[in-house]
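Biologist: I have a model open and some questions about it. Please keep the answers plain.

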Amino acid sequence: MQMLTYSYAVAALAICCLSSVAAQPQRGLPQPRGNSFDANAAILKQNFDLNPDGSYQYNYETSNGIRADEAGYLKNPGSQIEAQVMQGSYSYTGPDGIVYTITYIADENGFRAEGAHIPTPPPVRPAGGPGRFFK
């Protein structure tokens with residue numbers, strides 16, 4: 001029971017820390033003007049569920065079209081290969097009027113994000129295959 005209480009305390013502390021960081025102005029990005037659509041955005045929907053096993057789900061939606069959802073859990077708990085897994089997506093409307101969506105996963109293999117607007121590297125040619133420069 002004490003370990004479960006400790007887990008809830010750690011989760012609550014992490015959420016508070018992330019909230020305060022997210023509230024800080026972002027460098028390099030213009031802040032919304034007081035009369036702009038973004039500055040007056042309201043939260044339309046917000047849910048957060050923390051389960052006794054430490055897994056969680058959250059989502060929110062704002063009046064200016066921002067949407068996010070994420071789920072996380074502990075993979076292989078108590079083993080040598082224990083790993084936190086977080087998976088989700090978020091979307092927003094850019095200044096150009098296009099809705100941008102990012103999907104992501106973070107696990108023992110690192111953070112990976114995908115989106116139609118995210119550049120991808122060109123394919124890597126196999127060593128010694130067609131198109132090699134040296135013989």
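Biologist: Is Y60 buried, exposed or partly exposed?
Modeller: Y60 counts as partly exposed, because its relative accessibility is 32%. Buried means under 20% relative accessible area, exposed means over 50%, and partly exposed is in between (1.4 Å probe, protein chains only).

Biologist: What should I know about the source of these values?
Modeller: This is a predicted model, where local features need pLDDT of at least 70 and side-chain atom pairs count only at pLDDT 80 or more, while totals for chains, interfaces and linings use all residues. Residues are numbered from 1 along each chain as its sequence is written, and side-chain values use heavy atoms, with hydrogens and water left out.

Biologist: Back to the tyrosine. Which residue forms an aromatic pair with Y60?
Modeller: Y58 does, and the pair is stacked, at 6.4 Å centre to centre with 5 degrees between the planes. Rings of Phe, Tyr and Trp (its six-membered ring) pair if their centres lie within 6.5 Å; planes under 30 degrees apart count as stacked, over 60 as edge-to-face and the rest as tilted.

Biologist: And Y58, buried or partly exposed?
Modeller: Y58 is partly exposed, because its relative accessible area is 25%.

Biologist: How many aromatic pairs are there?
Modeller: The count comes to five aromatic pairs. Ring pairs also link Y90, Y104 and F111 into a cluster.

Biologist: Which residue is the bridge partner of Y90 in β5?
Modeller: That is I102. β4 and β5 (residues 99-107) pair in the antiparallel sense over eight bridges. M86 stands opposite A106 in β5. Two strands pair here if DSSP finds at least two bridges between them.

Biologist: What is F111 opposite?
Modeller: F111, in β6, has A106 standing opposite. One step along, R112 in β6 is the bridge partner of I105. Five bridges join β5 to β6, and these strands run antiparallel.

Biologist: How many residues are in the hairpin that joins β5 to β6?
Modeller: The β5 to β6 hairpin goes through two residues. The hairpin of β4 and β5 has five residues between the strands, and G97 there takes a positive phi near 85 degrees.

Biologist: Which residue other than glycine has a positive phi?
Modeller: N76 is one of them, with phi near 55 degrees. N76 is found in the loop between β3 (67-75) and β4 (83-93). N76 counts as partly exposed, because its relative accessibility is 33%.

Biologist: Zoom out. What is the order of the strands in the sheet?
Modeller: Six strands form an open sheet in the order β1-β2-β3-β4-β5-β6, with antiparallel pairing. The edge strands are β1 (43-50) and β6 (110-114), and each pairs on one side only. Neighbouring strands of the sheet are turned by 10 degrees against each other on average, direction ignored. The axes are lines fitted to C-alpha atoms, for helices over the stretch in contact, and angles run from 0 to 180 degrees between N-to-C directions.

Biologist: What is the pattern along the sequence?
Modeller: The protein chain follows α-β-β-β-β-β-β, which is one helix and six strands. Helices (H or I, at least four residues) and strands (E, at least two) are DSSP runs, numbered from the N terminus.

Biologist: How much of the chain counts as buried?
Modeller: Of the 135 residues of the protein chain, 15% count as buried. S91 is buried, because its relative accessible area is 11%.

Biologist: Where is S91, and what does S91 touch?
Modeller: S91 is in strand β4. Leaving out residues up to four places away in sequence, S91 touches G65, I66, R67, V99, Y100 and T101. Contact means heavy atoms within 4.5 Å.

Biologist: Last one: where is N64, and is N64 buried or exposed?
Modeller: N64 is found in the loop between β2 (56-62) and β3. N64 counts as buried, because its relative accessibility is 11%. The N64 side chain makes a polar contact with the side chain of T62, at 2.4 Å. A polar contact is a pair of N or O atoms within 3.5 Å; within protein, one must be able to donate a hydrogen and the other to accept it, and residues adjacent in sequence count only if both atoms are side-chain atoms.
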